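Let's take a quick tour of the backbone and surface. Here is the chain to keep open alongside.

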Amino acid sequence: MKRHWFILLSIAIVILLFRVKWDVKKIYVKDYEIKEMVEKILTEKYYRFSFVDNEENTLVIEKDRVILPPNDIVLHLDWSEEKKEKARRLAESLFQEEVALSATETKIATEDVILERALDSFFRGDSSFFENGYYCGDIYLFLKDECVARYDPKTEELVLFGP
């Protein structure tokens, strides 16, 4: 009887090992300035990846966009100009000053946050943060290093933060 359990357990382990994906995603970074940032993001999230020297069937990362294989889907690492302009106009009409845009409310750091979301969409297959190839996460508006409002590009709603 013990022998049957051992055989069943062995078969279950073998099946489990074959079902686990061991593939390593290939990444080609065109701009070497952001290669360290990409490596840091992927290492922190424990994604399996390797950098390659050609663009064939790989995730291509450029300064302002990411190209996803196999259909060469382009994800821009920014909001669409229309969304940014709409957020600026709304905020500047309220505050009468020029505002800065950010992807987080704690600091003015947009590129790394949007790049992280683009990498997540590649590794997880979830592109909910991108619409028509552009980032559609919240836009945080800053006046003199202070976050004063949040704009939701999907609903076009501006939420003001209190003092």
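This is a predicted model: local features need pLDDT of at least 70, side-chain atom pairs count only at pLDDT 80 or more; totals for chains, interfaces and linings use all residues.

Tyr46 isn't a glycine, yet its phi is positive, about 60°. Since its relative accessibility is 74%, Tyr46 counts as exposed.

Look for Gln96 in the loop between helix 3 (81-95) and strand 6 (100-102). Its relative accessible area is 64%, so Gln96 is exposed.

Then there's the peptide bond between Pro69 and Pro70, which is cis, with omega about -5°. Pro70 sits in the loop linking strand 4 (65-68) and strand 5 (73-76). Why flag such spots? Because most residues other than glycine have a negative phi, and most peptide bonds are trans.

## How two helices cross

Helix 2 (residues 35-44) and helix 4 (residues 111-124) have axes that come within 10 Å and cross at roughly 55°. That angle is why helix 2 is oblique to helix 4. As for handedness, the crossing of helix 2 and helix 4 is right-handed.

## A greasy surface patch

Over on the surface, a nonpolar patch is formed by Phe6, Ile7, Ile11 and Ile15, together showing about 400 Å² of accessible area. One of these, Ile11, belongs to helix 1 (residues 2-19). Ile11 has 44% relative accessibility, so it counts as partly exposed.

Conventions
Residues are numbered from 1 along each chain as its sequence is written. Side-chain values use heavy atoms; hydrogens and water are left out. Patches are made of residues with over 30% relative accessible area and no salt bridge: like charges are joined within 9 Å, nonpolar side chains (Val, Leu, Ile, Met, Phe, Trp, Tyr) within 5 Å. Accessible areas come from the Shrake-Rupley method with a 1.4 Å probe; for residues, only the protein chains shown count as cover. A salt bridge is a side-chain nitrogen of Lys or Arg within 4 Å of a carboxyl oxygen of Asp or Glu. Helices (H or I, at least four residues) and strands (E, at least two) are DSSP runs, numbered from the N terminus. Buried means under 20% relative accessible area, exposed over 50%, partly exposed in between (1.4 Å probe, protein chains only). Axes are lines fitted to C-alpha atoms, for helices over the stretch in contact, and angles run from 0 to 180 degrees between N-to-C directions. Angles under 35 degrees count as roughly parallel, over 145 as roughly antiparallel, 65 to 115 as roughly perpendicular and the rest as oblique. A crossing is left-handed if the near helix is turned anticlockwise from the far one by less than a right angle, and right-handed if clockwise.
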